[in-house]
Amino acid sequence: MLGLYQKSIINPKSGLLLNSVLKTSLTNIQLNSKTLINKPFIQKQLRFESSSADNNGLKENVLWFDNVFPLKISRFDFRNLFITKGRQIRMMENAKKRFLPSAFPSYFELNGIEPSVKEGGIFVRYSYNGDKDEILKAIRDNLLEKNPWSICNGRKVRVFEVEGVPFVEDVDSIYPSTRLLIDFKGQSLDRETLFRHFRKFGPIVEISSKKNDDKARIIFKSRRSATSAKICLNDCVIDGTKITIQYDNLTLPIAVGGIIILGYYVLDPIRIFFVVNKFTGRYNFYKSKRLRRRKVGWNPAMLVKLLEKSHDDDEKKLTEEQEENLQQIESYLKENPETFILINGPSGSGKTALVQELIKDINNYVIIDCEALAMQPDSSKMLSNFASQIGVFPTVSTGVISNLFDTLLMNSLGQKNSSASNSQSKFNEILELLSIAINKINQNINLKNDDKNINNHPVIIIKDYLGKEKSKHQFIYEHLAEWAATITELQAAHVIFVSPNNAALKKLSNNNIFSK
């Protein structure tokens, strides 16, 4: 039978008689709290080695009790604000009474208690002279008997032996996670070895370890299990290999995923709404047919009519040839869209006046100015200008998004995406928004032909096509032609190209049959 040793010693540090660490009265605990309960440490690595011997021939060991404090899982976790220094001391005094038994099978001396609030537990340092396993068994039996549980999560308090050297930090950007990244300083360890040493802390979801790789990843089912494993096994030696453990937080992929979800489910519908409004001019005094139909009383439509009349008086009338071209184009627009329409001529030939007269009777149209795009100094400003022309709102800084995805690609694949291909993909994304808006307009409007008016099919006017052949954004011409070919093939919208360059005829003929 094991003989129980009732503790009655002189604390060598304070010189005070402690009848029993657990049976000391509350008054004595307060007097001796400086020696028994250490003050919270800040930016300090705990460097107490397990089973080290002191000058008196006693061995020292460290235990980790989890589920004492709430885990800090994010910067906005406000629960730790209630864990003040005074409350920490009271909770640790209470833990000393509840977690440790009143008697041990061999000599036991409590040296100190260190809190780790962010990881949600406490370190208990003690000296002993005897069998370490028997002391640990007595502590675990006491936990089973008293069954202490945490008020923060309702779970039972667990105890583990610290086998390595725990690293406790207060870096604000590092929080407990279910994922652990393990670095091998020596020969790599296989999955079975890792499972044997880590499973005691809790259920494991996945162990990722490759042969001859100096890293491994372990995913636990709960943060508490991962935190205890990191605390207890950091800097320990397993089969001759020293391992270091840190949290494997996937901050960047989560942030990118959040941006994608936000853009798809929230921002994209808003952008499409504004693009549709750019077509229909529902809230534009100059384009809104609803405002123009209001004839009774003073209203903004009257001011619009006055402004339009003043503007029309300053414009020159169309020539007979331009009138004929206008009637021909209007006849094409009354039919279902099947081909391009190309208005070609040198500068000063009246193309702009013809287009301005044409759009007066078109219900749904948008104008893309290629010259404004080609003159932009960089890709970011060109994309922002393009988004603004078709009414995309809100716009996101393409430079920031591009850099974010480039960083993610470089970290995962070891290569960086080219800026040219990234600009083209962003350009196509804006065209995709335009296509969705066109489809939405076709679903909402009446598509029946009217002999008196041009039908309500959306019309896209692409101005100054191939006007700047030496621009560094040459890809916009090819992408616009390909997109227009797809739109007309689907009979979704009319596309009118206006170009001062005779080469536009040959360029567009490679994509579709068109009207001239």
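The model is a predicted one, in which local features need pLDDT of at least 70 and side-chain atom pairs count only at pLDDT 80 or more, while totals for chains, interfaces and linings use all residues. Residues are numbered from 1 along each chain as its sequence is written, and side-chain values use heavy atoms, with hydrogens and water left out.

The protein chain holds 17 helices and 17 strands, these being DSSP runs numbered from the N terminus (H or I of at least four residues for helices, E of at least two for strands). Of its 516 residues, 44% are buried, where buried means under 20% relative accessible area, exposed means over 50%, and partly exposed lies in between, with a 1.4 Å probe and protein chains only. The accessible surface of the protein chain comes to about 28,400 Å², and 52% of this belongs to carbon and sulfur atoms; the areas come from the Shrake-Rupley method with a 1.4 Å probe. Among contacts (heavy atoms within 4.5 Å) between residues at least 6 apart in sequence, 74% join residues at least 24 apart.

Helix α3 (residues 85-99) packs on helix α4 (residues 132-146) at an angle of about 100°, with the axes 9 Å apart. Here the axes are lines fitted to C-alpha atoms over the stretch in contact, and angles run from 0 to 180 degrees between N-to-C directions. The angle makes α3 roughly perpendicular to α4, since angles of 65 to 115 degrees count as roughly perpendicular, under 35 as roughly parallel, over 145 as roughly antiparallel and the rest as oblique. Lys97, Arg98 and Phe99 of α3 meet Ile139, Asn142, Leu143 and Lys146 of α4, a contact with three nonpolar, one polar and three charged residues. In this classification, Ala, Val, Leu, Ile, Met, Phe, Trp, Tyr, Cys and Pro count as nonpolar, Asp, Glu, Lys and Arg as charged, and the others, Gly among them, as polar.

Finally, Ile151 lies in the loop between α4 and β7 (159-161), where Ile151 is exposed, with a relative accessible area of 72%. Its C-alpha atom is separated by 8.2 Å from that of Val68, although Ile151 and Val68 are 83 residues apart along the chain.
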